[in-house]
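User: I would like to work through this model step by step. Please define each term when it comes up.

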Amino acid sequence: MQPRVTAILVVRNGEHWLDRTLMALASQTRRPDAQVLVDCSSTDNSAQKLGTASPSQYVLAPNLPLGDAVAVALRHAPPAQSANDWLWILSADTAPESDALQRLLAAVEIAPSVAIAGPKIVDVDDRSLLRSYGESMTRLGATVKLVEDELDQAQHDLDGDVLGVTSSAMLVRREVWERLGGFDPGLPGADAGLDFSIRARLAGFRVIRVADARVARGVRPEDFGRRRALSSRGRRRVARAAQLHRRLVYAPGAALPFHWLSLVPLAFLRSLGHLLAKRPGAVGGEFAAAFRAAFDGTVGGARLRIRRTRTLGWASIAQLRIPGDEARELRAVLRDRAASAREEDDLVRAPFFGGGGATITLIAAVVGLGLFWRLLGAQALGGGALRPLSSTVGTLWSRMLAGPRDVGVGVVGPPDPFSAVLAVLGSVTPWDPSLSLVLLWLTSLPLAALGAWWCATRFTTRRAPAVIAAILWMLAPPLLSALNAGRPTAVLVHLLLPWLVLAALEAARSWTASAAAALLFAAVVACSPVLAPALVLAIVAWAVARPRGLVRIIGILIPAAALFAPLVVTQVLRGDPFALLADPGSLAADPAASGWHLLLGQPAVSGSWAALAAAIGLPGQVGLLAPAVLLAPLAVSALLAVFLPGSRRAIPALLLALLGLVTAVGSSHLALASTGGEVVTPWAGSGLSLYWIGLVVAAVVAMDAVAVGRAVVGVVVALASVLAVAPLLVAPVVGAIAVTPSQGQLLPALVAAEAAAHPKISTLVLEPQADGSLAAVIERGAGTTLDAESTLWTTRQGTDDTTRRLATLAGNLASPSGYDPRASLASFQVEFVVVPPVGNTAADASAAALRRRVSESLDGTAALSPVGETPVGALWRVTGFTPPAVTTVTPTRTSIAILIGQGLVILLTLLLAIPTGRRRRVVTESALPGEDPANTFEEDENA
């Protein structure tokens with residue numbers, strides 16, 4: 001008996017494809033015996049076009065998946081007349097070639113055991129491109145497209161038997177369709193054809209693909225009925241949901257509970273893999289697929305249908321599954337093909353070795369050691385805002401927990417994000433965390449040169465401008481001033497800024513660069529919160545300029561937001577949100593620099609040309625004009641870049657410089673913190689580093705664009721800029737800086753020894769001030785380390801009862817009276833009193849007189865026994881003091897939850913920042929200036 005074919009055309013919003021499909025169906029050399037056209041509630045003109053096609057049956061149906069729509073069509077189709085009735089399942093976008101049905105029937109007529117036949121699915125515009133031709137699955141149930149997006153060269157024509165075929169243009173025996181119950185309702189998109197083919201195989205039938213039959217397909221099966229195709233994230237989610245659904249359906253009954261319980265843990269582990277593969281957008285789909293598979297309610301019915309129809313064991317299809325190594329090879333081919341399709345332009349830059357990068361870094365290392373040779377052999381650093389770090393790495397990381405802070409009196413709250421930076425820094429030398437600060441000072445110049453050179457190669461392909469940029473950045477006034485004044489936060493900001501700029505520029509196209517920029521941004525604003533407004537504004541502007549990379553660029557802000565969130569809430573509740581901009585760490589008050597000094601990049605008056613002119617008796621105008629004249633070549637180069645080729649890069653750089661200068665000027669007028677009796681503003685040097693990097697980038701663009709005299713311009717700019725910072729270079733050599741080598745001792749050795757045995761003791765430090773006042777500070781244990789400092793203490797407003805009691809105690813101790821301080825000292829757990837030494841200059845005369853008076857008063861206090869002078873100051877011990885018992889502070893659940901949340905954000909960002917994909921090709925110019933460039937090629941993940 002001749003086979004009878006019923007063609008079922010299911011349409012939902014297929015107006016774009018429908019004319020072509022209807023024409024192809026009408027032109028078949030072997031026409032279907034019946035046609036059932038199903039319109040699934042189309043909202044376009046599909047219904048009108050179907051009405052003019054003269055089908056056997058025209059059915060209006062609700063919005064249904066393909067399988068349900070076929071079931072509706074069969075209820076209206078002519079009844080089956082024999083076991084040789086066939087269904088040809090088509091959708092609006094599947095246009096078969098004129099002999100497609102004839103060749104499908106010819107293949108099944110000679111093979112009675114065949115129940116399903118699939119044609120070659122080719123591209124609708126290029127018939128030589130195979131879109132799909134057979135499907136299979138791995139041992140673990142993952143779908144494998146046997147052929148996908150390959151040129152048809154008849155390479156797959158000999159092998160007909162396959163595990164499954166796609167649902168597009170599938171020819172299926174009607175009896176088998178009805179026996180198996182059609183497509184699984186739990187697979188409305190992907191894998192419907194594969195699953196149906198597997199069930200047919202288990203029921204004892206064969207599935208083949210027919211090489212001579214060709215059908216053009218416009219959209220993927222999972223995009224059926226959609227006005228817009230699914231994104232790559234959407235396709236990945238649909239495919240994963242289908243795989244999990246089939247896993248639950250195919251699993252043995254005893255293993256089903258374990259598979260069900262593993263859905264969410266597997267989603268978490270696979271999400272980590274997505275992050276490593278730079279697919280963060282797939283994380284949400286991974287969990288959505290897991291929950292859909294767990295709770296969609298169709299697994300039970302699907303398992304029952306297999307149990308009722310299966311006649312063969314799963315071993316019968318084992319040979320048709322894809323082994324793991326072959327599946328990996330197929331995926332690798334697809335990845336290579338996708339990478340080739342999105343091939344990016346080569347990145348051209350000078351080589352690190354041979355291009356000046358290694359040379360200038362080595363020179364910077366020698367210069368750095370020459371400037372700070374006095375610090376060689378030091379265990380720690382003191383002076384300025386420098387203090388030793390805690391003695392163990394564990395203590396450094398424990399500072400990240402919210403709770404009581406070991407500084408001042410009665411400070412409870414979250415840590416400063418700078419604590420995380422110090423924990424990372426101290427972990428570099430875990431045997432002695434304070435040593436990391438010494439290494440930072442000794443290596444700051446080569447690290448600055450390296451970062452600047454690497455960043456400059458993003459703006460120029462020539463060697464000389466990049467080398468000049470390294471010189472300008474490593475000898476920048478903000479960096480040298482921070483090194484001389486002992487400002488670790490400003491030093492770190494200066495070292496990290498070039499890498500932040502480099503990563504942010506690449507963030508628009510790379511998740512790796514975006515995550516790296518996010519970590520760098522978090523570190524920079526943790527060191528200098530006053531930079532946050534300017535940097536956020538710059539990032540938002542960059543996102544607007546690169547809308548295709550909007551998510552990647554805006555994502556740069558997330559880790560910093562996670563670190564700052566607890567502190568933001570605390571400061572807002574205290575009614576002082578501007579305190580968030582205060583510098584973290586130890587504070588040091590310096591004379592405010594004038595606007596002229598800031599314009600010249602100098603955050604402090606000390607170490608400037610003005611101070612040098614005054615010291616050697618030159619007129620004051622010399623000190624003001626000399627740096628301006630010497631920095632004029634740099635300024636002129638930066639401004640000229642606006643009028644030279646490359647101005648599209650120079651203008652944003654100058655705007656960034658303007659943001660930095662505004663930040664520096666504004667920060668010098670923000671009275672946010674206090675130490676002793678002095679008000680401290682945020683260090684203007686951090687804003688000036690941002691200002692300086694904008695100028696350097698603009699100058700690099702200008703030097704890159706100059707065709708004649710490029711070398712002369714670079715040499716003049718470099719030499720003049722070096723002379724402009726000559727006073728800052730001389731100061732550390734002669735020892736005229738605030739930074740001094742230290743053994744890490746904050747308090748007298750006796751106090752440190754007692755604190756080792758009784759960590760809860762305190763020391764009252766009475767420090768005479770230059771204005772004649774007396775500062776009283778409570779030091780915990782062996783002294784307040786740099787990581788123990790908190791802006792919650794330094795930005796406190798007003799006085800509370802505890803502070804007033806401390807002031808009363810200090811006042812009574814500083815003046816002879818009959819006051820008995822034992823009770824007050826015990827309330828603060830004070831066992832020692834220290835009066836630090838003061839200078840010998842005329843400016844310190846008032847402080848020296850006050851120190852003598854305080855010492856005499858303390859000698860006359862019966863509750864105190866004098867110990868004597870120490871290198872740290874005069875020491876007294878409280879008589880009859882009972883050390884407090886050591887108590888363990890248990891972190892609250894809230895603080896633990898906050899820390900876990902912050903840790904997860906940082907961990908996920910770190911996973912994203914690890915480079916794992918194909919790296920951008922870098923073309924390095926190895927020719928000397930004036931010669932023809934001879935290009936060499938290298939792979940570089942930092943491109």
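User: How many bridges join strand 22 to strand 24?
Analyst: This is a predicted model, in which local features need pLDDT of at least 70, side-chain atom pairs count only at pLDDT 80 or more, and totals for chains, interfaces and linings use all residues. Residues are numbered from 1 along each chain as its sequence is written, and side-chain values use heavy atoms, leaving out hydrogens and water. Helices (H or I, at least four residues) and strands (E, at least two) are DSSP runs numbered from the N terminus, and two strands pair if DSSP finds at least two bridges between them. Strands 22 and 24 run antiparallel, and the number of bridges joining them is four.

User: In strand 24, which residue is the bridge partner of valine 834?
Analyst: Strand 24 (residues 873-878) also pairs with strand 23, in the antiparallel sense and over six bridges. Within that pairing, glycine 868 has leucine 875 as its bridge partner. For valine 834, the partner in strand 24 is leucine 875.

User: How many bridges join strand 20 to strand 22?
Analyst: In strand 22, phenylalanine 832 is the bridge partner of threonine 763. Strand 20 (residues 762-768) and strand 22 run parallel, and the bridges that join them number four.

User: How many residues of strand 22 are buried?
Analyst: A residue counts as buried under 20% relative accessible area, exposed over 50%, and partly exposed in between (1.4 Å probe, protein chains only). Strand 22 (residues 830-835) is mostly covered, and its buried residues number six of six.

User: What is the order of the strands in the open sheet of five strands?
Analyst: The pairing in this open sheet is mixed. Read across the sheet, the order is 21-20-22-24-23.

User: How many residues of strand 2 are buried?
Analyst: Ala34, Val36, Val38 and Cys40 point one way from strand 2, Gln35, Leu37 and Asp39 point the other way, and all are buried. Strand 2 (residues 34-40) is therefore largely enclosed by the rest of the structure, its buried residues numbering seven of seven.

User: Through which helix does the chain cross from strand 2 to strand 3?
Analyst: Strand 2 and strand 3 (residues 57-61) pair in the parallel sense over five bridges. This β-α-β crossover is right-handed, a term used if, with the strands pointing away from the viewer, the path from the first strand over the helix to the second runs clockwise. The helix on the path is helix 2 (residues 46-51).

User: Which residue forms a salt bridge with lysine 49?
Analyst: A salt bridge is a side-chain nitrogen of Lys or Arg within 4 Å of a carboxyl oxygen of Asp or Glu. In this pair the closest N and O atoms are 3.1 Å apart. Lysine 49 is in helix 2, and its partner lies 30 residues away in helix 1. That partner is aspartate 19.

User: How many residues apart in sequence are glutamate 779 and arginine 387?
Analyst: These two residues form a salt bridge, with the closest N and O atoms 3.4 Å apart. Glutamate 779 lies in strand 21 and arginine 387 in the loop between strand 14 (380-382) and helix 14 (393-398), so the pair ties together parts whose separation in sequence is 392 residues.

User: Which helix holds both aspartate 801 and arginine 805?
Analyst: Their salt bridge has its closest N and O atoms 3.6 Å apart. The two residues are four positions apart, which means about one helical turn, and the helix is helix 33 (residues 801-814).

User: How many salt bridges does a search of the whole structure find?
Analyst: One of them joins aspartate 801 and arginine 805. The whole search gives 32.
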